[in-house]
Structures are given as structure tokens and as C-alpha cells.
Amino acid sequence: MHRYTLSSTSLPLPQTHQPNPHPKPPLQNPLLLHTFKTPFELKQFHTQIIKTNTPISILQLTHIASICALTPSFPYATKLIQLSCTNETDIWNHCLKQLAESDTPNNAVHLFIQLCTQGVCLNAFSFSRFIKACTRLEDGLCGRIVHGFVEKHGFQSNLYLLNGMVHLYVVSGEFESARQLFDKMPDRDVVTWNIMIKHLVKRGDVDEAYALFGRMPERNVRSWTAMIMGFVNIGKPKEAIELFNKMEEENVCPNEVTVVAVLAACADLCVLDLGKKIHEFSNRSGFKTNVRVCNTLLDMYIKCGCLEAARSVFDEMEERTVVSWSAMIQGLAINGKGEEALTLFSKMIDLRIKPNAVTFIGLLHACSHMGMVNEGREYFTSMSKDYGIVPQIEHYGCMVDLLSRAGLLKEAREFIKSMCIKPNGVVWGALLGGCKVHKNVELAEEAIEHLLELDPLNDGYYVVLSNIYAEAKRWEDAARVRKLMREKGVKKTPGSSSISVNGVVHEFVAGDESHPQTEAIQERWEKLLEEMRLRGYVPNTSVVVLDIEESEKVKFVLRHSEKLAAVFGLINTAKGTPIRIMKNLRVCEDCHAALKLISEIVDREIVVRDRNRFHCFKNGVCSCKDYW
């Protein structure tokens with residue numbers, strides 16, 4: 001930082017502007033005067049101007065301000081500007097704006113202090129540039145200083161400046177100061193409210209943001225979008241969609257950011273109908289070239305199990321980023337299209353698009369879901385060897401899952417021991433899942449020891465171990481696990497399945513009799529069950545971990561939530577249309593077998609998205625090829 005010690009008279013002008021008794025002809029090329037790059041060159045040109053009796057107006061004053069602003073020649077520049085009879089405030093505001101928007105906004109702060117020290121007249125535009133520089137610096141202390149300047153100079157009622165101050169406080173982490181200023185403001189416009197709502201959402205305080213949203217005298221698309229995105233970010237997609245519906249009722253037209261937020265909510269809830277409508281609106285509105293919108297559309301279709309629609313979006317994209325390629329690879333992987341995922345990756349590499357860490361998660365998922373162990377090993381090695389990507393915990397988790405699913409439990413255990421980073425619950429959980437598939441009680445007990453230490457409140461791990469004991473007919477051990485859950489206050493997450501019909505999400509839990517169509521669902525289910533039994537269906541009661549009578553186990557398993565959701569879908573959707581169900585937990589073995597039969601009996605495609613992947617049941621076959 002320069003030390004500004006020169007007074008306004010310590011650097012006199014080179015000459016006074018007196019008529020020259022022997023004037024020289026004007027400069028042959030006056031434009032050359034604009035090429036000075038330092039204060040020293042400026043003084044040389046100024047001397048030449050005087051000697052040739054050239055008007056001082058030929059000098060570009062904004063250029064003078066720029067080269068002298070942060071030098072000891074600042075007083076000299078102010079005198080030149082004053083001599084030109086031009087509004088010096090405008091000149092310095094131009095310079096402040098350039099510095100505030102540059103890579104070094106702190107220079108704008110230094111200049112502002114200089115202007116105050118030299119007594120240059122400042123206006124609201126001067127303060128707005130200063131506030132912008134401080135905002136880019138995220139300097140809270142500077143914010144309080146500028147706030148004092150604003151008050152001192154009588155701009156305490158200037159809404160534009162006060163909005164800038166509120167924004168400066170929030171980006172600087174001075175939220176209490178921002179709230180105090182907001183509450184004291186005599187007038188607020190929609191910008192003021194949006195600043196507060198946006199940053200409350202960013203802090204995760206969505207309830208407080210919504211309270212402010214409810215108080216707004218008027219709202220614009222940014223107000224609605226901020227709140228919709230806020231609900232999506234905290235895992236409340238249902239509320240996000242409800243708010244979007246209200247936004248539509250008020251005839252507020254969505255923008256590209258709104259579209260992204262609503263599509264994300266549709267993806268979380270598997271609400272395909274609304275997602276399609278947003279897609280159509282996006283195309284009509286010219287958002288088709290927006291990469292972020294296209295990527296979110298891609299994600300929405302993938303999470304709704306519409307792989308063909310996702311591929312169509314991907315193929316039609318004018319510009320694809322590594323996010324686009326990674327999402328499509330992941331989508332193919334979790335939908336049982338592992339070979340296609342690997343083929344797409346090869347095409348990506350041929351086009352010289354550099355993969356990232358997320359790309360390799362998709363590739364490892366593809367290998368894991370299809371049992372391609374050797375290919376998975378090769379990709380895991382290649383990511384660091386060929387692309388310089390350091391494996392993260394997610395990649396290690398994928399590798400353990402790959403080995404465990406394939407029955408290579410001992411190799412998976414050794415892989416965990418050789419890890420360069422400490423394994424977390426996901427890694428040991430993958431091994432535990434493999435132990436359940438391959439009925440290895442000993443390794444499951446070792447895995448659970450680590451899991452109880454790493455993630456003692458995760459009910460899923462207790463349930464898996466209890467299931468392993470139950471399948472091994474070790475009822476006392478299964479009961480011990482349930483007792484341990486009670487002692488630790490761990491409650492089992494109830495299984496639930498949801499299905500969207502005509503824009504309404506219907507949710508079912510096991511044994512649910514609360515739905516208005518319960519009788520119709522039960523009647524249709526009994527008829528289906530008769531046909532299923534004729535085709536050899538026998539309920540798999542091993543999925544019931546309770547030590548109860550077999551008949552009770554049968555009743556329990558026949559009322560699982562995904563079965564109820566599927567029957568509801570059959571009743572309420574047109575023939576030939578796919579039924580799409582979202583399950584919060586892993587689909588059990590009995591439901592998997594039942595849904596395969598149902599898809600064949602009713603000649604309908606049933607797509608189930610569970611916690612780990614998609615199962616597309618069609619003509620009695622599942623896309624997972626029973627490897628899950």
C-alpha cells in the first residue's frame with residue numbers, strides 16, 4: 001500500500017497556463033498524448049501542451065485519474081482535473097468503478113480513502129462503488145466504516161446504498177448487523193427482502209427465510225426461486241413443488257434458476273409428470289442451450305427411471321460438460337446398463353473430455369452392479385495412474401461394494417485394511433451388505449463392530465445384521481440386536497413407497513390401511529395374488545426378522561409398501577403406461593420376485609427406485625438381472 005503523505009500543494013503543476021509569447025504550432029498528432037502510461041510521462045505531455053498552447057481538454061481525464069490514483073501524483077491529477085472545468089466527482093467515480101470491478105478491489109478502497117482525505121466531493125455513486133469493492137472483499141470491518149460514511153454524508157435514506165450495505169453485511173458474515181439494518185430501514189423494496197431471504201437460505205435457516213417471504217409486500221421471480229431452492233437444499237422437495245404451484249397461481253413466470261430448482265425437486269420425489277411439463281416450458285422459453293438446465297433435466301429423467309428420455313436430452317445437448325457425461329454414465333450404471341456406461345466413457349475419452357472423480361464413481365457403480373470385477377479393478381487403478389485423480393472415500397466404498405457383491409469378501413476385507421484413508425461407515429457397510437448376500441456371519445460381526453463405533457445411530461446396519469442372524473436361524477442373536485437398538489435409542493426407519501399420479505404423490509407404508517382406496521387396492525391385490533400363485537409364487541418369509549408364526553410372516557410380507565404402491569398404480573394409471581415407484585429402503589427379495597411376476601401378468605413396466613439403484617421390471621425380468 002502506498003503512503004499518502006503529499007499535500008495538495010506539494011506537487012505543483014509544471015507550468016501555469018499563461019499565453020506563450022512565442023507559440024509553437026499545435027502538436028501534429030494530438031492522439032499521442034493519450035498514450036502516457038505513468039505520471040512522469042503525463043507531466044512531460046502536460047509540459048508539451050503548455051509549450052504548444054494546446055487546450056488542456058485534449059487530455060483524457062479518466063486516464064489521468066487511472067494512472068495517478070494510487071501514486072504520490074494523486075494531488076497533481078486532482079489539480080489537472082479541476083483545471084479542466086469538468087465534474088471531478090464523475091471522473092473519480094469512473095476510476096472507482098474500474099478498480100471495484102478489477103481483480104484488486106482493495107485498490108478502490110485505497111482510492112476512496114484518498115478522495116476523502118483530499119476533500120474531493122463525493123456523491124451516492126461514489127459510495128456505491130466503495131460498497132461494491134468492500135462486498136467483493138467480504139470485509140465486515142470495512143462494511144461498518146462505509147456504513148458510517150453513508151450516515152455521515154446524509155445518504156441514510158438512499159435505498160440503493162442501504163441495499164448495498166445489507167448485501168455487504170451478509171456476504172461478510174455480519175448477519176446480525178444486516179438484520180439490524182434491515183429492521184431499521186424506513187423503506188424496503190423487493191431487492192432488500194430478496195437479499196435477506198437468499199442469505200437466510202444459504203445459511204440453512206429456511207424457516208426464517210419463509211417467515212420473511214410471507215411478510216413480503218410484493219414478490220418477484222427471484223423471491224419465489226430463492227425459497228423453492230431453499231426447500232430443495234434442506235431435503236423438502238414436496239414443499240418446494242407446493243410453493244412452485246403457488247407461484248404459478250400468481251402468474252409469475254419462472255426463469256432458468258427456477259427451472260433448475262423445480263427439476264431438482266421433481267428428481268428427488270420422482271414426480272415425472274411435472275418434470276415433463278417443466279421440460280416443455282424450458283424448450284418453449286429458449287432454455288435448451290443452458291447447460292445447467294440440461295444437466296438438471298438429465299438428472300431428473302435418470303432419477304425418475306426414464307433412461308430413454310435422459311439419453312435423448314443428453315444426445316440433443318449442444319454443449320456437454322464433464323457433469324453431463326458423468327451424470328449419463330451414472331444413470332446407465334444404476335439402471336443396469338453397465339456395458340453401455342463403459343462404452344459411453346470410451347466415447348468421452350475419444351472426444352478428449354477429461355473425466356473427474358464423479359465420472360469414476362459412475363464407472364465403479366457400473367462395474368459393481370453388473371459384477372464386472374476385473375474391469376472395476378482396472379478403472380480404480382487407472383483413475384490415479386492415467387488421470388491423476390486421487391481416490392476418495394466414495395471410490396473405496398465402490399470397490400468394497402464391487403468385491404463384496406461378487407462374493408470376494410476376504411479380498412474386500414484386505415482391501416479395507418490397505419486403504420490409505422480411514423474407512424468410514426459406507427465402506428464397512430458395503431462389506432456388511434455383501435455378508436448378507438453371501439451369508440457370512442463371521443465377517444458381518446466384524447463389520448458391525450466398526451459400524452457401531454463409526455455410526456452408532458444408523459438403524460440400517462442393525463437391521464442388516466439382524467436379518468443375517470434371522471436367515472441363519474440364530475433367533476437369539478437377532479433378538480439381541482433388536483434389544484441393542486432399544487438400549488441405544490435407535491429406531492428402525494419404516495419402509496415406505498411413494499407413487500405420483502396426476503401430479504399428486506401417494507405414500508404407502510407396510511400394512512397401510514389409511515389410503516382412501518384401501519378396499520379397491522386390497523381387492524385388486526387378492527386377484528393378482530391368485531394369478532401369481534398359479535405361476536409358482538411362494539412368499540419369501542426369510543425377509544421377516546421377527547420370530548413369529550409362519551402364517552403371520554406371510555401376512556406381513558404380503559403387505560409390503562412397494563406391493564401396495566404397485567397395485568395402486570395399476571388401478572389409477574392407463575394401460576400400457578409405466579408404473580414408477582420410489583422406495584426409501586432397499587427392495588426386499590420377496591417384493592423383487594413379486595414385482596417381476598406382476599409385470600408379466602399385467603403386461604406393464606414397473607420401475608422401482610430404491611435406496612441403491614433402479615429395478616425395471618418388464619415381462620417378468622428385472623434390469624438388475626437379479627444381481628443386486
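Reader: Is Leu564 buried or exposed?
Author: Leu564 is buried, at 3% relative accessible area; buried means under 20%, exposed over 50% and partly exposed in between, with a 1.4 Å probe and protein chains only. This is a predicted model, where local features need pLDDT of at least 70, side-chain atom pairs count only at pLDDT 80 or more, and totals for chains, interfaces and linings use all residues. Residues are numbered from 1 along each chain as its sequence is written, and side-chain values use heavy atoms, leaving out hydrogens and water.

Reader: Thanks! Which residues does Leu564 touch?
Author: Not counting residues up to four places away in sequence, Leu564 touches Phe508, Val509, Gly511, Asp512, Ile521 and Arg559. Contact here means heavy atoms within 4.5 Å.

Reader: And where is Leu564 placed?
Author: Leu564 is in helix α30, residues 561-572. Helices (H or I, at least four residues) and strands (E, at least two) are DSSP runs, numbered from the N terminus.

Reader: Switching topic: how many disulfides does the structure hold?
Author: It holds 0 disulfides, a disulfide being a pair of cysteine sulfur atoms within 2.5 Å. Cys270 is in none, and its nearest cysteine sulfur, that of Cys304, is 4.1 Å away.

Reader: Last one: in what order do the 6 strands of the open sheet come?
Author: The order is β2-β1-β3-β4-β5-β6, with mixed pairing; two strands pair if DSSP finds at least two bridges between them. β2 (504-509) and β6 (621-622) stand at the edges, each with a single partner strand.
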